[in-house]
Amino acid sequence: MNANPCEVRRFQNKQCLNDCMFAPLFPSSDPEKFDVVNRIFGLETLTFYLKDLSPMERIDTTRTLYYEAKPCFLNPPKNPSKFLETLLNYPYQKAEEVSKTKKLLASYSRPCVVLALPAPKYTQSKPKPSVLRKRKRKTKSSDESSIRVVENS
């Protein structure tokens, strides 16, 4: 028999045996762990879950039960239907958050215009001919009916 009984046997006011399956899971140094699991799941349910498992699976199962029970223990829901509704809407809320985040990231990934840099040479175009003024002038020639276009520069 152990000098320090595990929390389960202490709760039951019994002595802890050497082959107690609860001793490595709920040591007397951590009473809060058993208290949380016991209040949410109960001792019978805990025993039912752990009795057919290997020692390593018991450790993982106990850890999982503790992490599931702790939020309910710290903040118990006042209305069970409200709690269930919150759980059922949780995936939709997360989907909305993901879509908002995607939109925000898309706004950051748009290319920005940099005005200080000159355009590359291959994209620079020659000035359009419409920009240069053209005027019609008569030139002195043998044939006055001919008109020649001369560019001013």
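I count five in the structure. My rule pairs rings of Phe, Tyr and Trp (its six-membered ring) if their centres lie within 6.5 Å; planes under 30 degrees apart count as stacked, over 60 as edge-to-face and the rest as tilted. I looked up phenylalanine 26 with phenylalanine 34: the centres lie 5.4 Å apart and the planes are at 70°, so the pair is edge-to-face. Both phenylalanine 26 and phenylalanine 34 are buried. Buried means under 20% relative accessible area, exposed over 50%, partly exposed in between (1.4 Å probe, protein chains only). One aromatic cluster takes in Phe11, Phe22, Phe26 and Phe34.

A note on the source. The model is predicted: local features need pLDDT of at least 70, side-chain atom pairs count only at pLDDT 80 or more, and totals for chains, interfaces and linings use all residues. Residues are numbered from 1 along each chain as its sequence is written, and side-chain values use heavy atoms, with hydrogens and water left out.

Next, helix α2. I take helices (H or I, at least four residues) and strands (E, at least two) as DSSP runs, numbered from the N terminus. Which residues of α2 are buried? I find Lys33, Phe34, Val36, Val37 and Asn38. Their cover includes α1 (7–12), α3 (43–50) and α4. Glycine 42 follows α2, and its phi is positive, near 90°.

Then the crossing of α2 and α4. Two packed helices are described by the angle between their axes and the distance between the axes. Axes are lines fitted to C-alpha atoms, for helices over the stretch in contact, and angles run from 0 to 180 degrees between N-to-C directions. The axes of α2 (residues 31–41) and α4 (residues 55–74) come within 8 Å and cross at roughly 75°. The two helices are therefore roughly perpendicular. For that word I use 65 to 115 degrees; under 35 is roughly parallel, over 145 roughly antiparallel, and the rest oblique.

I listed the contact residues, with contact meaning heavy atoms within 4.5 Å. From α2 come Glu32, Lys33, Asp35, Val36, Val37, Arg39, Ile40 and Phe41. They meet Thr62, Leu65, Tyr66, Glu68, Ala69, Lys70, Cys72 and Phe73 of α4. By class, I have nine nonpolar, one polar and six charged residues there. Ala, Val, Leu, Ile, Met, Phe, Trp, Tyr, Cys and Pro count as nonpolar, Asp, Glu, Lys and Arg as charged, and the others, Gly among them, as polar.

Last, the salt bridges. I require a side-chain nitrogen of Lys or Arg within 4 Å of a carboxyl oxygen of Asp or Glu. By this rule I count four.

How accessible is glutamate 7? Glutamate 7 is buried at 9% relative accessible area, whereas arginine 10 is partly exposed at 42%.

Arginine 63 is partly exposed at 42%, and aspartate 60 is partly exposed at 43%.

I also checked glutamate 97 and lysine 94, bridged at 3.6 Å, N to O. They are three residues apart in α5 (residues 80–108), so about one helical turn separates them.
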